[in-house]
Amino acid sequence: MTETWTLILGLAAATFAVRLSGYLLGRRLPDHGHWARGLQALPGCLILSLVTYLMMQGGPQEWIAGSAALLVALLTRSLPLTMIAGIAAICLLRAGF
């Protein structure tokens with residue numbers, strides 16, 4: 001039982017340390033300039049790289065779903081709608097519709 005509590009307390013301390021370091025480091029990030037623009041673009045770049053990798057590994061269904069998501073992105077400029085469209089398209093295609 002002692003090992004379990006040690007593990008729980010260790011994970012709680014690690015979680016707290018990660019959150020605290022994120023808060024302390026986040027306050028030091030620049031608000032403007034090249035670094036700020038790069039950091040603002042980072043989430044989109046990560047999503048794009050993951051989707052591109054999955055499409056390159058996939059077949060026609062993934063390419064059709066990716067095309068549907070791209071079309072929704074171009075028409076709406078909405079990330080949530082684009083993600084919903086891509087997920088819905090691949091689910092329907094894999095279900096055989």
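Glu62 and Arg94 join their side chains in a salt bridge, at 2.7 Å from N to O. A salt bridge here is a side-chain nitrogen of Lys or Arg within 4 Å of a carboxyl oxygen of Asp or Glu. By this rule the count comes to one. The model is predicted: local features need pLDDT of at least 70, side-chain atom pairs count only at pLDDT 80 or more, and totals for chains, interfaces and linings use all residues. Residues are numbered from 1 along each chain as its sequence is written, and side-chain values use heavy atoms, with hydrogens and water left out.

**Salt bridge**

- The pair links distant parts of the chain, 32 residues apart: Glu62 sits in helix α3 (residues 60-76) and Arg94 in helix α4.
- Helices (H or I, at least four residues) and strands (E, at least two) are DSSP runs, numbered from the N terminus.
- Glu62 counts as buried because its relative accessibility is 19%.
- Arg94 counts as exposed, at 56% relative accessibility.
- The cut-offs are under 20% relative accessible area for buried, over 50% for exposed, and partly exposed in between (1.4 Å probe, protein chains only).
- Side chains of opposite charge can pair when their charged atoms come close.

**Nonpolar surface patch**

- Ile47, Val51, Leu79, Met83 and Ile87 make up a nonpolar patch on the surface.
- Together they have about 440 Å² of accessible area.
- Areas come from the Shrake-Rupley method with a 1.4 Å probe; for residues, only the protein chains shown count as cover.
- Patches take residues with over 30% relative accessible area and no salt bridge; like charges are joined within 9 Å, nonpolar side chains (Val, Leu, Ile, Met, Phe, Trp, Tyr) within 5 Å.
- Helices α2 (34-57) and α4 (79-95) each supply at least two of the patch residues.
- The most comes from α4, with three residues.
- Met83 is found in α4 and counts as partly exposed, at 43% relative accessibility.

**Largest pocket**

- The largest pocket has a volume of about 970 Å³.
- Its lining has 27 residues, and the closest to the pocket centre are Ile47, Val51, Gly66, Ala69 and Thr82.
- Helices α2, α3 and α4 each give at least two residues to this lining.
- By class, the lining holds 17 nonpolar, seven polar and three charged residues.
- Ala, Val, Leu, Ile, Met, Phe, Trp, Tyr, Cys and Pro count as nonpolar; Asp, Glu, Lys and Arg as charged; the others, Gly among them, as polar.
- A pocket is an open set of points on a 1 Å grid over the protein atoms alone, where a 1.4 Å probe fits, with protein on both sides within 12 Å along at least five of seven lines; lining residues have an atom within 4 Å of a point.
- Grid points are joined across faces, edges and corners, and the volume is the space filled by probe spheres set on them.

**Single residues**

- Arg77 has a positive phi, near 55°, in a residue other than glycine.
- Arg77 is found in the loop between α3 and α4 and is exposed, at 70% relative accessibility.
- Met56 lies in α2 and is exposed, with a relative accessible area of 56%.
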